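User: Hello! I am new to this structure and would like to get to know it step by step. Could you walk me through it?

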Amino acid sequence: IFLTLLHGLFPDMIQLKNISLYRGEQCLLRDTGVTLHPGWHVGLSGRNGCGKSSLFAVLKKERAIDAGVSLIPREWVIAHMAQEVEALDSSTLDFVLDGDAELRHWQNILGVAQVENDDTRIAEALQHLDAIDAYTAPSRAAKILDGLGFTQPQLTRPVKSFSGGWRMRLNLAKTLMCRSDLMLLDEPTNHLDLDAILWLEQWLKVYPGTLIVISHDREFLDGVVDHLLHIEGQRINYYKGNYSDFERQRAEQLALQQNAYERQQAKIEHLQKFIARFKAKASKATQAQSRVKALEKLERIAPAHVDSRLTFSFYPPEKMSNPLIRVRDGQVGYADKIILNKLSLQLGPDTRLGLLGPNGAGKSTLIKTL
C-alpha cells in the first residue's frame, strides 16, 4: 500500500531509491539511486561488468532489485532493442511495423470485426487507427529503414535473408518504430556505418520520450544525451550535460578528491608523529590520548583513481620505409568479384587516415589486402 501511494505521488518519473543489486554474490550497486524526469536523454556509462546491463534489466522490469525501491510509471510503454532476432519469413517492412504494438492491436481487432461483420467494432477500430495515424505507418517505417541503410528492394525481403549485423539493424528499426514513453538502447551504434550513426543521432535528438542509452561512442553520446549516469564504486553518480561535460566534471572531482586525500594524509602523519613522541610523557599524555581518539574518528578519504588502469605504449621501429605501402592501378576483391578497381594509394609513416563508406563498399576487404 505504501509503495502504491508513493507511486501515485510521482507518476511521471523514474525513481530508484536506496537500491542494491547483486549478480550472484557480487554486489553491483549498493544503497544508491537516482531520479530521472520525463523527456530526459540520459547516457549510462561505467566500466564493463559494473552493472549497466543489470540496471537495464531492472528498468525493463525483467528482474527485481535486491533492496530499496524502484518506481517506474506503470502506464509507460517501454521500448528496448533485442540483442537477437530469429530467422523469420516475414518481410523487412512487416517486421519493423510489428514494433508499433498499438497499430497491430487495432489492425487485428479490425480484421476480426470485418470477418464477423461487427459494424460497431469496425467503427471503433477505424477511429483508433485514425487517431494514431495508422495509414502513414508504412511510410514512417520505410523512412526509418532508409535511414539505417536499407534499400527499397530490401523492404520486401524476408528477415531470414539478412546477415546477423543487418538483423541487428532491423531490431533497432523495430525499436524506433515502437510508440514508446521510455526507450532503452544498449550499444545501438554497433553494426552501423557512419551515415547510419549520423542519421540515428538526429532521430534520437527529437525523440520526445525518456531515453537511456549505453554506448562507448563518445561523439554519439555528445550529440544525443543531456544527462549522464556513471556507475562507479557500486554507486550511480549523476552528471548534468553530455559525455564531454561528464569527463570535465569528473576530472575536477578526482582532482579535488586527490587534494583532499593528500591533505588528510599529511594531517594523519602529523597526528601519528605527535602521538609517538609524547604518549610516554605524563605532561603530554592527555593531549596525546585526545589525538589518538581524533585519529580513530577520522573518516578516511580514498585516493582518487579512474576505472581503467590500462596503459600501453608504441615502441619506435628500428627502421621505417617511406612510403610504407604504395598501390598503383590496383584491383581489390575476390576471385569471383572485384570490389575496388583502379585503386591508387600511398601510405607514409606520418599518414593518418579515416576509412569511410557504406557497408559492403570494400573497407574490410581493403584492410585485409593491405
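This is a predicted model: local features need pLDDT of at least 70, side-chain atom pairs count only at pLDDT 80 or more; totals for chains, interfaces and linings use all residues.

User: What is the place of K61, the residue that has a positive phi although it is not a glycine?

Analyst: The phi of K61 is about 65 degrees, a positive value, and K61 is not a glycine.

User: Thanks! How many helices and strands are there in the chain, and what radius of gyration does it have?

Analyst: The chain holds twelve helices and eleven strands. Its C-alpha trace spans about 100 × 75 × 35 Å along the principal axes. A compact globule of 370 residues would have a radius of gyration near 21 Å, but for this chain the value is 29 Å.

User: In the open sheet of three strands, which strands stand at the edges?

Analyst: The order in this open sheet is β2-β1-β4, with antiparallel pairing. A strand at the edge has a single partner strand, so one side of it is left without a neighbour in the sheet; here the edge strands are β2 (26-36) and β4 (67-71).

User: And how much does that three-stranded sheet twist on average from one strand to the next?

Analyst: We are still with the open sheet β2-β1-β4. From one strand to the next, the twist averages 25 degrees.

User: How many bridges pair β1 with β2?

Analyst: These two strands form a hairpin with two residues between them, and G24 in the turn has a positive phi of about 65 degrees. One place to look at the pairing is L21, whose bridge partner in β2 is L29. The two strands pair in the antiparallel sense, and the number of bridges is seven.

User: What is the bridge partner of S20 in β4?

Analyst: Strand β1 (residues 14-23) pairs with β4 in the antiparallel sense over four bridges. For S20, the bridge partner in β4 is A67.

User: Which helix packs on the sheet and touches β1, β2 and β4?

Analyst: The helix in question covers residues 52-59, and its direction makes about 125 degrees with that of β1. The helix that touches β1, β2 and β4 is α2.

User: What is the strand order of the open sheet of six strands, and which strands stand at its edges?

Analyst: This open sheet has mixed pairing and the order β5-β6-β7-β3-β8-β9. The twist averages 20 degrees from one strand to the next. Each edge strand has a single partner, so one side of each lacks a neighbour in the sheet; these strands are β5 (78-80) and β9 (235-240).

User: Why are α4 and α5 described as roughly antiparallel?

Analyst: The axes of helix α4 (residues 101-115) and helix α5 (residues 119-131) come within 9 Å and cross at roughly 155 degrees. Their crossing is left-handed. Residues of the contact include L103 and W106 of α4, and R121 and I122 of α5. Angles over 145 degrees count as roughly antiparallel, and therefore α4 and α5 are roughly antiparallel to each other.

User: Is the crossing of α6 and α7 left-handed or right-handed?

Analyst: The axes of helix α6 (residues 137-147) and α7 come within 10 Å and cross at roughly 135 degrees, and the two helices are therefore oblique to each other. In the contact, A137, R140, A141, I144 and L145 of α6 meet L170, A173, L176 and M177 of α7. By class, these are eight nonpolar, no polar and one charged residues. The crossing of α6 and α7 is right-handed.

Methods. Residues are numbered from 1 along each chain as its sequence is written. Side-chain values use heavy atoms; hydrogens and water are left out. Two strands pair if DSSP finds at least two bridges between them. Axes are lines fitted to C-alpha atoms, for helices over the stretch in contact, and angles run from 0 to 180 degrees between N-to-C directions. Contact means heavy atoms within 4.5 Å. Angles under 35 degrees count as roughly parallel, over 145 as roughly antiparallel, 65 to 115 as roughly perpendicular and the rest as oblique. A crossing is left-handed if the near helix is turned anticlockwise from the far one by less than a right angle, and right-handed if clockwise. The radius of gyration is taken over C-alpha atoms; the globule rule is 2.2 Å times the number of residues to the power 0.38. Ala, Val, Leu, Ile, Met, Phe, Trp, Tyr, Cys and Pro count as nonpolar, Asp, Glu, Lys and Arg as charged, and the others, Gly among them, as polar.
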